[in-house]
Amino acid sequence: MIHCLTERPWNKLRWLVLAPHADDETLGAGALISQTAAGGRLAAVVYLTDGSGSHGPVDGRTGHLIATRRREAANALFRLTGNRALGPIHLGWKDAAPANCESRAFIRTTSMMTALCRRLQVDAIAVTAANEPHCDHAAAAQLAYAIRAQAKRSLLVAEYCVWADGPGDGADRALRTAPMLPGHRRHALRAHRSQLTAAYGPGFRLPPQRQRMPSSDILFLRRLP
């Protein structure tokens, strides 16, 4: 069953979007970010990794790439929301090297994010689907469910797809956002020049077919265990 995000009770939720990398926010949750920001219901956009894995280091260093990707994330988010005050939050995990769920880093991040959700009065976390093939995407979902387990208030977790074709087994409901203008979403994606062009030299390039994004996002809800 697919519910519209404009319907009650979904239209009252306050959202935090958790993205593994800068550009995933636009690819998987751009319409959600735009819609909830316009309605005053976007609490935060949080990036899990530093994005340093998309290109090789320059002189053995990745600091310039990390700074570039942070700047691109801020520009994309501004293009989606029209509000510089809704700046991104970066957790800084090393790209493509996610923390184990039993590690101190994972536990520390879970506690920090749980406190952030409490402080910002977050009702729902949108995160990449648990069955996504990239290790950082799967780790982001694992973190979101750990936050929900630790939270002392009701917290919804809704999964969006970037690389996966669907949510896999266990999803029994879905939410659909209102449509956004395709040009608006493409404009936000173009902020991520390092991922789309040769501006930063040899490295990852987002395939052209992935740059063709739908006007609406679909978020999947899994049955509680």
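**View 1. Strands S5 and S6 pair side by side in the parallel sense.** Welcome to this predicted model. Five bridges link S5 to strand S6, which spans residues 156-160. To find your place along the pair, look for Ile-125, which stands opposite Val-157 in S6.

**View 2. Strand S5 also pairs with strand S2.** Here the partner is S2, made of residues 15-19, and the two strands run parallel, joined by four bridges. A handy landmark is Trp-15, whose bridge partner in S5 is Ala-124. As you follow the strands, keep in mind that side chains in a regular strand alternate between the two faces of the sheet.

**View 3. Strand S5 is buried.** S5 covers residues 124-128, and five of its five residues are buried, so the strand is largely enclosed by the rest of the structure.

**View 4. Helices H3 and H4 pack against each other.** A packed pair of helices is described by the angle between their axes and the distance between those axes. For H3 (residues 104-119) and H4 (residues 135-150), the angle is about 60° and the axes lie 9 Å apart. That angle makes H3 oblique to H4. The crossing of the two helices is right-handed.

**View 5. A closer look at the contact of H3 with H4.** From H3, the contact is made by Phe-106, Thr-109, Thr-110, Ser-111, Met-113, Thr-114 and Cys-117. H4 brings Ala-139, Gln-142, Leu-143, Ala-146, Ile-147 and Gln-150. What kinds of residues meet in this contact? Seven are nonpolar and six are polar, with no charged residues.

How values were computed: Residues numbered from 1 in each chain as written. Predicted model: local features only at pLDDT ≥ 70, side-chain atom pairs only at ≥ 80, totals over all residues. Heavy atoms only, no water. Axes fitted to C-alpha atoms, helices over the stretch in contact; angles between N-to-C directions. Parallel < 35°, antiparallel > 145°, perpendicular 65-115°, else oblique. Left-handed = near helix turned anticlockwise from the far one by under 90°. Contact = heavy atoms within 4.5 Å. Nonpolar A, V, L, I, M, F, W, Y, C, P; charged D, E, K, R; others polar. Buried < 20%, exposed > 50% of the residue type's maximum accessible area, 1.4 Å probe, protein only. Pairing = 2+ DSSP bridges.
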